[in-house]
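Here are my notes on this structure, written as numbered points.

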Amino acid sequence: MTDNRNGVLVSEEIILRTLYEDSLGNLVDPDNLPEIYIYDESYTSEQIEQEYQDSLFTGLGPYTATRISTGYYEYVFTVPPGSNPGTWTDLWISDKGSVESHQTFVFQVLAGLTIKTQSLKKN
């Protein structure tokens, strides 16, 4: 699986996307739509991995991804108002045949924008 995303402000939407590929790099669909859990900045990667191993999920979700095309999935997540900024994690769970797989990705939740001004130097 691969993924590409940026950060998001509290109360805004972020599009979480992933690609599923076989060992040859061909796009493939899992047997069912991927299930997603989202964890705020208070969870460590070790805690999230343990939740997966225990099949006991305390993050937000489960959410179901939308299929865009073969092997290409997305989920539009709105960061809840009042959430803490920091590095958040999304856990994607899927299966193909009898093999279950999972992958985590991270995105930044920001409290607000920082605007930098540019100043011109003497020529």
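1. **Contacts along the chain.** Take the contacts in the protein chain between residues at least 6 apart in sequence. Of these, 64% join residues at least 24 apart. Keep in mind that this is a predicted model.

2. **Order of elements.** The protein chain has 1 helix and 8 strands. Read from the N terminus, the order is β-β-β-α-β-β-β-β-β. Try to follow that order in the view.

3. **Overall dimensions.** The radius of gyration of the protein chain is 17 Å, while a compact globule of 123 residues would have one near 14 Å. Along the principal axes, the C-alpha atoms fill a box of roughly 65 × 35 × 25 Å.

4. **Burial and surface.** How many of the 123 residues count as buried, as a percentage? The figure is 29%. The protein chain exposes about 7900 Å². Carbon and sulfur atoms supply 49% of that area.

5. **Charge.** The protein chain carries 7 positive and 18 negative side chains. The centres of these two sets lie 19 Å apart. Colour the view by charge to see how they are placed.

6. **Aromatic pairs, part one.** The count of aromatic pairs comes to 8. One of them joins Tyr20 and Tyr73: the ring centres are 5.6 Å apart and the planes meet at 85°, so the pair is edge-to-face. Tyr20 sits in the loop between strand S2 (13-19) and strand S3 (35-39), and Tyr73 sits in strand S6 (residues 72-78), so the pair ties together parts that are 53 residues apart in sequence. Tyr20 and Tyr73 are both buried.

7. **Aromatic pairs, part two.** Phe77 and Trp88 also form an aromatic pair. Their centres are 6.2 Å apart, with 50° between the planes, and the pair is tilted. Phe77 belongs to strand S6 and Trp88 to strand S7 (residues 86-96), so this pair ties together parts that are 11 residues apart in sequence. Are these two residues buried or exposed? Phe77 counts as buried, because its relative accessibility is 2% and the cut-off for buried is under 20%. Trp88 has 2% relative accessibility and counts as buried too.

8. **An aromatic cluster.** Phe77 and Trp88 are members of one aromatic cluster, together with Tyr63, Tyr75 and Phe107.

9. **Glu35 and its contacts.** Glu35 is in strand S3. Its relative accessible area is 31%, so Glu35 is partly exposed. Which residues does Glu35 touch, not counting those up to four places away in sequence? They are Pro62, Tyr63, Leu91, Trp92 and Ile93. Compare Arg17: Glu35 and Arg17 are 18 residues apart in sequence, and their C-alpha atoms are 12 Å apart in space.

10. **A cis peptide bond.** Pro62, one of the residues that Glu35 touches, deserves a look of its own. The peptide bond joining Gly61 and Pro62 is cis, with omega at about 10°. Pro62 lies in strand S4 (residues 60-64).

11. **Positive phi values.** Ser11 is a residue other than glycine, yet its phi is positive, near 75°. Ser11 is found in the loop between strand S1 (8-9) and S2. With 37% relative accessibility, Ser11 counts as partly exposed. Ser55 is not a glycine either, and its phi is positive at about 55°. Ser55 is found in the loop between helix H1 (45-54) and S4. Ser55 counts as exposed, because its relative accessibility is 56% and the cut-off for exposed is over 50%.

12. **Asp31 in its loop.** Where is Asp31? Asp31 lies in the loop between S2 and S3. At 42% relative accessibility, Asp31 counts as partly exposed. Leaving aside neighbours within four places in sequence, Asp31 is in contact with Asp95, Lys96 and Gly97. Asp31 and Ile48 are 17 residues apart along the chain, and 23 Å separates their C-alpha atoms.

Notes: Residues are numbered from 1 along each chain as its sequence is written. This is a predicted model: local features need pLDDT of at least 70, side-chain atom pairs count only at pLDDT 80 or more; totals for chains, interfaces and linings use all residues. Side-chain values use heavy atoms; hydrogens and water are left out. Helices (H or I, at least four residues) and strands (E, at least two) are DSSP runs, numbered from the N terminus. The radius of gyration is taken over C-alpha atoms; the globule rule is 2.2 Å times the number of residues to the power 0.38. Buried means under 20% relative accessible area, exposed over 50%, partly exposed in between (1.4 Å probe, protein chains only). Contact means heavy atoms within 4.5 Å. Accessible areas come from the Shrake-Rupley method with a 1.4 Å probe; for residues, only the protein chains shown count as cover. Lys and Arg count as positive and Asp and Glu as negative; His and the chain ends are not counted. The place of a charge is taken as NZ of Lys, CZ of Arg, CG of Asp or CD of Glu. Rings of Phe, Tyr and Trp (its six-membered ring) pair if their centres lie within 6.5 Å; planes under 30 degrees apart count as stacked, over 60 as edge-to-face and the rest as tilted.
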